[in-house]
Each structure stands twice: as C-alpha cells, then as structure tokens.
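Dear colleague,

Please find below the structure that I am handing over to you.

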Amino acid sequence: KLLCGVVTDSVHDAWRDAAADNGLLEVCDGFSFHSYRSPADEERLVGIFRNWLASRGSPTFPLLITEAGTQSDDWKSSSGQACSAAKPQCAGETPGGYYCYNNACVGKMRPTYEEDLIYAWDLVAKAVEHKALGLQGSFAFVLFYYAEKTGSFSMTGRDGTALRALAAMQQAISVLSGAVYIGDLPNSGWRVFNTTDDGLVAVV
C-alpha cells in the first residue's frame, strides 16, 4: 500500500486542495502528517485534516500520524554552557561529551526527574488522543537518542538507557491495543475505552 502525506503538522489549504485536484487521494491508501503540538490540540488538528478529506468526498480516508512527538524543550539537552564556531569546545558528560550546536553545548545524558515525567505524560496523552480520534496509526517520536537544537525528543537517554516515556508507551500500547473508544466520561475530559476483555478503561 502507498502512504502519502506531509512531514509537518501545518499545511496550507491551497496545498491540500492542489494535491487532491491532482489525484493524490486516488493513488494513495492513506494520508500521513506529523504532530508536535500539545495533547489538548490534537482533536482540533486531526479535525482540520478530516474536514478537508470530507470536503473532497473521502470522509473515511485513513489518517496516520507518522511522527507524534513532544515539544523538544520537555527535556532540555543543553548543558547551559555557551560555545561558538571560534570556541566550539564543550566540557562535560561522556561518552562523547557535550557538543556545540547553535552556540550552545548540548548532549545531556538524561533528562531531570521532572523533565522525564512531563515528557512521558506528553507522549502517552497524545497516544490516547490518537486512539480516541480513530487514527489508522500513531507513531511516537522517537525511540533512539535524538537531540535537536537545545532539546531532545528521545525515549532513551544518550547512554542508551530507557526513560520513563518508553515504559509509559509500552504500558499504553498494552492496555489500549485492540480497545475501542466509546466516549468520554461526562464533565471529566476522560476518554473511555472498551477493552478486548469487555472491561472499561478510563484514560485522562
């Protein structure tokens, strides 16, 4: 099957319409995009793409988020040291040490305790939203260590050790795999799923 889409979460209406006018939806089996927004914004974001598909006569066309990440400043990779092209040396953590990027020394081994918790919550909350919104697929970004600018998007530390986000995503997948979204608890904002063993699981 052929998956088509964009590597961003922000696409101008004119681009989407031009793609559809040129037969994109006829040659593809699904449409993908990325999201690095807050969990609370996911329903609105997915709605933009669903409304576009409905306007093109394809309201049930499969949607996938092929990069579901958090804001990179959830856990900061910077050591707090300054550097420059003239003085690129960065002292500190091993293996490999810190390295210079955009005049900042980056490459922190692991997030702080608070950063770790926030990052794990952010990733799992997005996964829950994507399940409730009926996406064909949602892929958390990213398993291996990856730093960009002064932040990291990683579920593992720079030393290869697992972070809370990895364990939290494993648990979310285990609980929600095969579950069916049945609605929200009134006045709560909690998503409710019917699990494969006919129990009910409420998820914030």
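A residue is called buried here when its relative accessible area is under 20%. By that cut-off Cys83 is buried, because its relative accessible area is 8%. Please bear in mind throughout that this is a predicted model.

**Disulfides**

The structure holds 3 disulfides. Such a link is a covalent bond between the sulfur atoms of two cysteines.

Cys83 is bonded to Cys100, with the sulfur atoms 2.0 Å apart. The torsion about this S-S bond is 95 degrees, and the link of Cys83 and Cys100 is right-handed. The pair links distant parts of the chain: Cys83 belongs to the loop between β5 (78-82) and β6 (99-101), while Cys100 is in strand β6, 17 residues apart.

Cys4 lies in strand β1 (residues 3-5) and Cys28 in the loop between α2 and β2, so the pair ties together parts that are 24 residues apart in sequence. Cys4 is buried, at 13% relative accessibility, and Cys28 is buried as well, at 6%.

Cys90 and Cys105 are joined by a disulfide with an S to S distance of 2.0 Å. The torsion about their S-S bond is about -80 degrees, so this disulfide is left-handed. Here too the pair links distant parts of the chain: Cys90 sits in the loop between β5 and β6, and Cys105 in strand β7 (residues 104-106), 15 residues apart. Both cysteines, Cys90 and Cys105, are buried.

With the bonded cysteines of the protein numbered in sequence order, the pairing reads 1-2, 3-5, 4-6.

**Nonpolar cores**

Which residues touch the most other members of the largest nonpolar core? They are Phe31, Phe33, Phe49 and Leu63, within a core of 21 residues. The elements giving two or more residues to this core are α1 (13-21), α2 (24-27), β2 (30-35), α3 (42-55) and β3 (63-68). Of these, α3 gives the most, with 5 residues.

Apart from this core lies another, of 18 residues, among them Tyr119, Leu163, Ala165 and Ala179.

For Phe31, leaving out residues up to four places away in sequence, the contacts include Cys4, Trp15, Leu24, Phe49, Trp52 and Leu63.

**Aromatic pairs**

The count of aromatic pairs comes to 9. The ring centres of Phe31 and Phe49 are 5.8 Å apart and their planes are at 40 degrees, so this pair is tilted. The pair links distant parts of the chain, with Phe31 in strand β2 and Phe49 in helix α3, 18 residues apart. Both Phe31 and Phe49 are buried.

Phe141 and Tyr146 form an edge-to-face pair, at 5.8 Å centre to centre and with 85 degrees between the planes. Phe141 counts as buried, because its relative accessibility is 16%, whereas Tyr146 is partly exposed, with a relative accessible area of 28%.

Ring pairs also link Phe31, Phe33, Phe49 and Trp52 into a cluster. The ring of Phe49 has the charged end of Arg16 over it, 5.2 Å from the ring centre.

**Two buried residues**

Thr70 is located in the loop between β3 and β4 (75-76). Thr70 is buried, with a relative accessible area of 0%. Not counting residues up to four places away in sequence, Thr70 touches Tyr36, Tyr119, Asp122, Leu123 and Phe153.

Ala165 is placed in helix α5 (residues 164-176) and is likewise buried, at 0% relative accessibility. Neighbours within four places in sequence aside, Ala165 is in contact with Asp116, Tyr119, Ala120, Leu123 and Met155. How far apart in space are Ala165 and Ser154, C-alpha to C-alpha? The distance is 8.4 Å, for residues that are 11 apart in sequence.

With kind regards

Notes:
Residues are numbered from 1 along each chain as its sequence is written. This is a predicted model: local features need pLDDT of at least 70, side-chain atom pairs count only at pLDDT 80 or more; totals for chains, interfaces and linings use all residues. Side-chain values use heavy atoms; hydrogens and water are left out. A nonpolar core is a set of buried Ala, Val, Leu, Ile, Met, Phe, Trp, Tyr and Cys residues joined through side-chain atoms within 4.5 Å. Buried means under 20% relative accessible area, exposed over 50%, partly exposed in between (1.4 Å probe, protein chains only). Helices (H or I, at least four residues) and strands (E, at least two) are DSSP runs, numbered from the N terminus. Contact means heavy atoms within 4.5 Å. Rings of Phe, Tyr and Trp (its six-membered ring) pair if their centres lie within 6.5 Å; planes under 30 degrees apart count as stacked, over 60 as edge-to-face and the rest as tilted. A charge sits over a ring if NZ of Lys or CZ of Arg is within 6 Å of the ring centre and within 35 degrees of the ring normal. A disulfide is a pair of cysteine sulfur atoms within 2.5 Å.
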